[in-house]
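Trainee: I'm new to this one. Could you show it to me and let me ask a few things?

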Amino acid sequence: MAVINSIWWMLVLIGIMILIHELGHYWAARWFDVHIEAFSFGFGPRLFGYRRGETDFRVSLIPFGGYVKMVGEQAGEDGVEDPRGFLAKPRWQRMIIAFAGPLMNILLAVGLMTGMFMNRYPKIVDADSAATIGFVEKNSPAAKAGVQELDIIASIDGIQNPSWEEVNLAVVGAANREMAMVVSRDGQQVVTTVTPETDEESGVGSAGWYYRHDIQVGALSPGLGAEKAGVQRGDVLVALDGIPLRSTPKLHSLLKEGAGRPVKLTYSRDNKQTTVAIVPKFTEIDAKNKLYLLGVELKPRSVFVALPFGEALKESVSFNRRNAGVILQILRGMVERRTSPKGISGPIGIARLSSEAASQGFATFIGLMAMVSLNLAIFNLLPIPILDGGTILMLAIEMVMRRDLSLQLKENIFKLGFVFLMMVVAFVLYNDISKLLPT
């Protein structure tokens with residue numbers, strides 16, 4: 001049943017992405033009066049559909065993709081002489097048609113998050129405007145660089161007075177690359193360097209530091225220590241065994257060090273602090289994650305507010321711009337062989353994420369949909385033959401040369417792009433399956 005549920009939510013997620021993407025190509029082609037033979041959801045043999053005018057709208061057997069088939073789309077095809085054929089149109093029109101698909105995915109990501117923020121924008125309470133360190137993992141790159149709790153990052157990799165978003169963006173794409181930084185500590189400036197290492201699970205750069213924030217209880221696990229001790233949803237965790245808690249990962253680290261021994265948890269409720277004794281429970285999350293838990297779901301303390309349209313749109317654009325920056329940094333790290341591609345997810349990974357997001361609520365699923373839509377747009381804009389970015393690049397080259405590339409060269413480029421794309425598909429499938437196997 002869980003497998004069916006995962007497949008269902010993946011098809012919902014991917015289906016919307018494909019539909020929006022191909023509608024972009026379709027509407028742009030219609031705008032320039034291109035003869036469209038088929039609009040297909042999926043690849044392979046036609047399952048069912050209907051014909052409207054000259055276009056066959058159909059659903060095909062393999063649901064992982066789709067296409068808009070335009071007459072005379074490739075040199076040598078039937079219909080090349082059709083005045084409404086794709087190749088008969090000016091190159092700038094063909095470029096717009098190719099770009100329209102990724103553009104629609106970008107607009108979808110922005111639109112989804114705008115709608116979300118108009119109803120539910122998470123505003124962190126008492127968040128530090130400066131990038132203040134809340135926890136440093138032992139033996140991490142940050143610890144080796146001498147970074148300490150409550151240090152304020154004054155500059156990193158040339159960025160002055162960065163926000164945490166800017167810090168994270170700089171770090172994820174800098175795996176195994178030395179970064180100059182300055183931290184402010186007790187009014188003094190400390191100059192150092194940090195070299196992020198590659199995180200085994202995500203495959204991106206990680207410094208081993210975490211931002212300072214209040215830790216709020218989002219939910220409780222029935223029957224476990226926290227609930228039995230009287231902890232309630234909305235309580236703010238203050239200390240564990242008298243040690244201040246300034247970041248969620250620090251709590252997990254202290255519980256791991258305690259190895260299950262009873263702890264004293266201090267929490268705040270209505271400006272009153274209470275200390276209770278709790279026995280952590282050893283829990284095996286999966287084959288790789290075995291933790292001691294108090295039975296609480298933790299999150300940065302925040303309130304949800306409804307933003308007016310203008311502010312929601314601004315925050316959505318900023319949110320998607322940051323995410324795009326992270327994606328590009330990761331891709332750059334892969335090209336420079338500093339970042340592992342193991343963090344890339346294929347259909348199996350997306351199915352798992354879709355099911356988890358759906359179980360966590362509508363807002364989480366919408367957030368995932370926006371992220372996947374943005375990823376799809378960026379991937380399709382890569383200058384790889386067979387993708388939209390490859391088409392745009394070849395058209396740009398032809399515009400500069402003021403003549404068409406040879407048919408033989410185009411065919412060879414297309415074949416090369418197809419082989420590369422199949423290698424990517426095979427890799428992400430292998431990646432997905434390897435994550436399911438015990439280590």
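Predicted model: local features only at pLDDT ≥ 70, side-chain atom pairs only at ≥ 80, totals over all residues.

Trainee: How many helices and strands does the chain have?

Mentor: Both are DSSP runs numbered from the N terminus: helices are H or I with at least four residues, strands are E with at least two. By that rule, the chain has eleven helices and 20 strands.

Trainee: Is D151 buried or exposed?

Mentor: D151 sits in the loop between α3 (141-144) and β5 (152-156). Buried means under 20% relative accessible area, exposed over 50%, and partly exposed in between (1.4 Å probe, protein chains only). D151 has a relative accessible area of 1%, so the word for it is buried.

Trainee: Which residue's side chain has a polar contact with the side chain of D151?

Mentor: Contact means heavy atoms within 4.5 Å, and beyond its neighbours within four places in sequence, D151 is in contact with residues including A131, T132 and V183. A polar contact is a pair of N or O atoms within 3.5 Å; within protein, one must be able to donate a hydrogen and the other to accept it, and residues adjacent in sequence count only if both atoms are side-chain atoms. At 2.8 Å, the partner of D151 is R185.

Trainee: Which elements each supply at least two residues of the nonpolar patch?

Mentor: Patches are made of residues with over 30% relative accessible area and no salt bridge, with like charges joined within 9 Å and nonpolar side chains (Val, Leu, Ile, Met, Phe, Trp, Tyr) within 5 Å. A salt bridge is a side-chain nitrogen of Lys or Arg within 4 Å of a carboxyl oxygen of Asp or Glu. This patch has about 750 Å² of accessible area together, and F64 is one of its residues. The elements are α1 (2-31), β1 (36-52) and β2 (55-70).

Trainee: What is the relative accessibility of F64?

Mentor: F64 lies in strand β2. F64 counts as partly exposed because its relative accessibility is 44%.

Definitions and conventions. Residues numbered from 1 in each chain as written. Heavy atoms only, no water. Areas by Shrake-Rupley, 256 points an atom, 1.4 Å probe, with all protein chains shown as cover.
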